[in-house]
Amino acid sequence: MAAGKEIRGKIKSVENTKKITKAMEMVAASKMRKAQDRMRAARPYAEKVRQIAGNLSRANPEYVHPFMVKNDAKTVGYIVVTTDKGLCGGLNTNILRAVTGQLKDLQSQGQGAEVVAIGNKGLGFMNRVGAKVVSHVTGLGDTPHLDKLIGPVKVLLDAYTEGRINAVHVCYTKFINTMKQESVIEQLLPLSAQSLQDNSSKGHDWDYIYEPDAPAVIDELLLRYIEAQVYQAVAENMASEQSARMVAMKAATDNAGSVISELKLVYNKTRQAAITKELSEIVAGAAAV
């Protein structure tokens, strides 16, 4: 029964794996609900900042913030948001494939790229493909903190203000629902009038009292708008991560159950064949006597 013993060992191993994937599925489901609540709670703030920034830009057309001015630099900045851990299906693969396509297009046009990597998976991938990583942040945990994101992102914002890069894009996985997540590459800079336009305020003229003055308020508000967009991207990516991990672990648990059923069937057939062989030998021996 050497074969039977080997099959029993395989069954035990797959059963242990099934227990692990089931536990990871339940943990991901719990974290997913919290991540979704955090993501939805951040949306109203980002939307309100966008509305106020749009109103201020229309109320003061004589002042143009550096974030809204295009330049002719030959370098593009990318903020790549990925996860710190794996086992979440094709989540990271999809967004990194999209970013790689963008980098190849820039290279063919003779332009360069600077990357800010948020997440350990994106950092490792960008280093392997030889991209220029100017800053990074890893180990965000289950809750994103804006103070950890400001520093790395500010490197690209300063580079844009100085005219060393001509655009900044944020690349992340947008949460659609539990079963669907979408890879997105959005332009952060330069800001356009359309991106700040608020449909609800059409036909209304806004007048403000500024303290200390309009340029200072607009400068601070647009910076907060960019920070809110980056934070929202990280929150969306974390919600997508937990959803993808829950789905992946559920699929792994189901597959483990199927493997166990097949192994048990093979074990029973092997055991029955061994018993039949032994009975045949006993009957043959008795007949010979």
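On a 1 Å grid over the protein atoms alone, a pocket is an open set of points with protein on both sides within 12 Å along at least five of seven lines, and its lining residues have an atom within 4 Å of a point. The model is predicted, so that local features need pLDDT of at least 70 and side-chain atom pairs count only at pLDDT 80 or more, whereas totals for linings use all residues. Residues are numbered from 1 along each chain as its sequence is written, and side-chain values use heavy atoms, without hydrogens and water.

The largest pocket has a volume of about 420 Å³, where a volume is the space filled by probe spheres set on the points. Its lining consists of 25 residues, and those nearest the centre are Gly141, Asp142, Glu241, Gln242 and Arg245. Helix 1 (2-59) and helix 6 (214-288) each provide at least two lining residues, and helix 1 gives the largest share, eight residues.

The cysteines are a separate topic. A disulfide is a pair of cysteine sulfur atoms within 2.5 Å, and the whole structure has zero of them. The sulfur of Cys88 has its closest cysteine sulfur in Cys171, 17 Å away, and is therefore too far for a bond.

| Residue | Relative accessibility | Class |
|---|---|---|
| Cys88 | 2% | buried |
| Cys171 | 0% | buried |

Key:
1 Å grid on protein atoms, 1.4 Å probe; cavity = no way out; pocket = protein on both sides within 12 Å on 5 of 7 lines; lining within 4 Å. Helix = DSSP H or I, 4+ residues; strand = E, 2+ residues; numbered from the N terminus. Buried < 20%, exposed > 50% of the residue type's maximum accessible area, 1.4 Å probe, protein only.
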